[in-house]
Amino acid sequence: MKFITIAAILGLALSFSASAHISLKQSTPQNSAMLMQSPEQLTLTFSGEVQLAKVLLSDAANKQVDFNFKPSAKANSNFSWPLPKLEQGNYTVKWIALGGDGHKMSGNFDFMLHSSDAHSKMKNMSAPHKQHNH
């Protein structure tokens, strides 16, 4: 009986420990990414299964971008949504998730979208430099 109690306590402690260490493993776009084109989708990959309660995408003016996120009771580790075409600027993704034990987690990351015109201008500005072998 004593062995079963100890095993149950250890099992419970390990499950809490595993749930507490779930984190956002990867995102697309990546944190601090500088993109030249509007990303086609938003992808969040966690180190374990979570239930996503909220995901917000907002621009620098804190205006939310609707990308049809709907919370789900189904736990998963990979989530993906198609994005509308984004204008150049800075964006923030904020998320709230629940681990298997009901532990609430949250995080955010940013990315920047440059215009393709800005990229073309930068290329043209560097062309005379190459011609003079500086």
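Mentor: Let us begin with burial. A residue is buried when its relative accessible area is under 20%, exposed when that area is over 50%, and partly exposed in between, with a 1.4 Å probe and only protein chains considered. Thr 43 has a relative accessible area of 16%, so Thr 43 is buried. The model is a predicted one, in which local features need pLDDT of at least 70 and side-chain atom pairs count only at pLDDT 80 or more, while totals for chains, interfaces and linings use all residues. Residues are numbered from 1 along each chain as its sequence is written, and side-chain values use heavy atoms, with hydrogens and water left out.

Trainee: What percentage of the residues in the protein is buried?

Mentor: Of the 134 residues in the protein, 28% are buried. The accessible surface, computed by the Shrake-Rupley method with a 1.4 Å probe and, for residues, with only the protein chains shown as cover, comes to about 9500 Å². Carbon and sulfur atoms hold 56% of that surface.

Trainee: How many helices and strands does the secondary structure contain?

Mentor: Helices (H or I, at least four residues) and strands (E, at least two) are DSSP runs, numbered from the N terminus. The protein has 2 helices and 6 strands. Along the sequence they follow the pattern α-β-β-β-β-β-β-α.

Trainee: Which strands are joined to E3 by bridges?

Mentor: Two strands pair if DSSP finds at least two bridges between them. Strand E3 (residues 41-59) is joined to strand E1 (residues 24-28) by 4 bridges, and the two run antiparallel. Here Leu 24 has Phe 46 in E3 as its bridge partner. Strand E4 (residues 76-82) is also antiparallel to E3, with 6 bridges between them; Val 50 is partnered there by Asn 76 in E4. Finally, 8 bridges join E3 to strand E5 (residues 89-98), again in an antiparallel arrangement, and Leu 57 stands opposite Val 93 in E5.

Trainee: How should I read contacts between residues?

Mentor: Contact means heavy atoms within 4.5 Å. Among contacts in the protein with a separation of 6 or more, 61% are between residues 24 or more positions apart. Take Leu 57 as a case: leaving aside neighbours within four places in sequence, its contacts include Lys 63, Phe 67, Leu 86, Tyr 91, Val 93 and Phe 111.

Trainee: Which residues have the most contacts inside the largest nonpolar core?

Mentor: In soluble globular proteins, nonpolar side chains tend to be buried together. A nonpolar core is a set of buried Ala, Val, Leu, Ile, Met, Phe, Trp, Tyr and Cys residues joined through side-chain atoms within 4.5 Å. The largest one here has 25 residues, and those with the most contacts inside it are Leu 42, Leu 44, Leu 52, Val 55, Leu 57 and Trp 81. Two or more residues are given to this core by each of strand E2 (33-35), E3, E4, E5 and strand E6 (104-113). E3 provides the largest share, 7 residues.

Trainee: How many aromatic pairs does a search of the whole structure find?

Mentor: A pair of aromatic rings is described by the distance of the centres and the angle of the planes. Rings of Phe, Tyr and Trp (its six-membered ring) pair if their centres lie within 6.5 Å; planes under 30 degrees apart count as stacked, over 60 as edge-to-face and the rest as tilted. The search finds 7 aromatic pairs. The ring centres of Phe 67 and Trp 81 are 5.6 Å apart with planes at 70°, so this pair is edge-to-face. Phe 67 lies in the loop between E3 and E4, and Trp 81 in strand E4, 14 residues apart. Both Phe 67 and Trp 81 are buried.

Trainee: Why is the pair of Tyr 91 and Phe 111 stacked?

Mentor: The pair is stacked because the ring centres of Tyr 91 and Phe 111 are 5.4 Å apart and their planes are at 15°. Tyr 91 in strand E5 and Phe 111 in strand E6 are 20 residues apart. Tyr 91 counts as buried at 6% relative accessibility, and Phe 111 is buried at 3%.

Trainee: Which residue's side chain is joined to that of Thr 43 by a polar contact?

Mentor: A polar contact is a pair of N or O atoms within 3.5 Å; within protein, one must be able to donate a hydrogen and the other to accept it, and residues adjacent in sequence count only if both atoms are side-chain atoms. Thr 43, in strand E3, has a side-chain polar contact of 3.3 Å with Ser 80. Thr 45 is likewise in strand E3, and a polar contact of 3.1 Å joins its side chain to that of Asn 78. At 15% relative accessibility, Thr 45 counts as buried.
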